[in-house]
Amino acid sequence: FYANTPISQSVKDMLYPGLETSIKGKTKVEAVQVLLNFVQTAFKYETDAEIWGEERYFFPEETLYYQYCDCEDRAILFSRIVRDLLGLDVLLVYYPNHLATAVHIPEDCPGDKLIYNGDKYVKHLTCWNQFLAMMFGQLSNRESLRDLIVALEAHHSKCYHLGMGKNVSKSSLARANQDRDYRIFEEYAFYLVSEVQKKCSVDIFKLDGNVYAFDSTTIDLCLEVFWWAKFRKKKGGIKVHTLYDVETQIPTFFHITTASTHDSKAMSKIPYETGSYYIFDHAYNKFLQLFSINQIGAYFVIRTKKNVQYKVVKWKRRLPKNVLSDCIIEFTEYKATKDYPKQLRLVRFFDEEQGREFAFLTNATHISSSLVAELYKNRWQIELFFKGSSKHLKIKKFWGTTENAVRIQIYVAMYLSVGRYR
């Protein structure tokens, strides 16, 4: 959130001309080093504990107003100015009690590279072989790893020509699912989704950004077998937090946690886009995260809880059909005011079909109250996706017991769910 927050134009006008002069005529590597030197030497290093008495994160622009900053603040500011001035992709890398910025430089340069080495020391079952074998199992509805291997052996002469390698054994596939980094398949899944999303782009709501719904579904697991997925005393399970593109009807992002993790904790993992709209149910009334969405220039519509304390600042008088009220509010409760210090829009809507009243909070003041209700109504599409997920994801049983194996199978199934839509 903090790294994606833009710097105001007035600050850019004061700061960027000098930096642009410093990097003019330099290569990408040299320009990155100049910007890094600026961030490291322009501020004195002090930890937040020493200055504030607690951990405190700054937005990029906030760091410029203080004499001291720590590694998190420097990394966030550095990532912002590198993207603005050089147009390079960055990646924030978390370490215990430390945050660093990795920069993608599209030219040869000395230094270490961030790679997974999934095929290192591998002779027979590469990542691609593993991927194709798992895809075959999903497409043919295999119920176990042994069932998959039996099916592959029946087509042994064709496996090599299909790209699965000369020999796929049960032990080697099980070992690969257990030990090979699941992020290889995760990143490929997200890349594939982004490509499909671009080609299937539609503009149903006539808004400038994409419209997403975010929710989670729980998959029950046997605690004795999946020991790492403890949910309750005698029950195991995982949650699949899903970001669903309402217009293209494609699941664009999955985040997998144990079932005991509260839904709102997954909000910080969403890859937010400036100008897009995010729809949440009342389980996601976490105002600090909602404020972060507002700060990066994105919009949200969320069903609010009944116990929210607020005061009305401004009423709108002429209302469309079934809109009971449309007003601007401010929170009056201390924590809510601290987490979301700005004004919000509150829309109350009566649904004739269900005979119920709904209350929505949003930072989108430029759209009609009827569209606010319509956006939330379309959140139901993600519920329909979850109801049909057993058919769409084609996961009857998990073929491994480790967390890594479960994640790989879910991401492989995700490829197929994307292919189903287009």
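This is a short walk through a predicted model, stop by stop, with something to select at each one.

Residues are numbered from 1 along each chain as its sequence is written. Because this is a predicted model, local features need pLDDT of at least 70 and side-chain atom pairs count only at pLDDT 80 or more, while totals for chains, interfaces and linings use all residues; side-chain values use heavy atoms, with hydrogens and water left out.

**Stop 1: the cysteines**

While you're here, is C159 buried or exposed? Buried means under 20% relative accessible area, exposed means over 50%, and partly exposed is in between (1.4 Å probe, protein chains only). C159 has 6%, so it counts as buried. Now click C222: at 40%, it is partly exposed.

**Stop 2**

On a 1 Å grid over the protein atoms alone, a cavity is a set of points where a 1.4 Å probe fits but cannot get out; a pocket is an open set with protein on both sides within 12 Å along at least five of seven lines; lining residues have an atom within 4 Å of a point.

Helices (H or I, at least four residues) and strands (E, at least two) are DSSP runs, numbered from the N terminus.

**Stop 2: an open space**

Next, select F287, L288, K335, K338 and D339. Of the 29 residues lining the second largest pocket, these lie nearest its centre. The elements giving two or more residues to that lining are α11 (287-295) and α12 (334-339). About 910 Å³ of space lies in this pocket.

**Stop 3: helix α11**

Seven of its nine residues are buried, so α11 is largely enclosed by the rest of the structure. Among the buried ones are F287, L290, F291 and I293. Their cover includes β9 (277-280), β10 (299-303) and α12, where contact means heavy atoms within 4.5 Å. After the helix comes G297, with a positive phi near 85°.

**Stop 4: the core**

Now select I238 and L375. Inside the largest nonpolar core, which has 65 residues, these have the most contacts. A nonpolar core is a set of buried Ala, Val, Leu, Ile, Met, Phe, Trp, Tyr and Cys residues joined through side-chain atoms within 4.5 Å. Helix α16 (residues 403-421) gives the largest share, eight residues. Leaving out residues up to four places away in sequence, L375 touches F205, L207, V211, Y277, I279, V301 and I367.

For a second, separate core, select L243, A298, F331 and A359, which are among its 29 residues.

**Stop 5: two last residues**

Click S369 in helix α13 (residues 369-377). S369 is buried, at 2%. Beyond its neighbours within four places in sequence, S369 contacts P320, V323, D326, R345 and V347.

Finish at I250 in strand β8 (residues 250-258), buried with a relative accessible area of 0%.

Note on methods:
Grid points are joined across faces, edges and corners, and a volume is the space filled by probe spheres set on the points.
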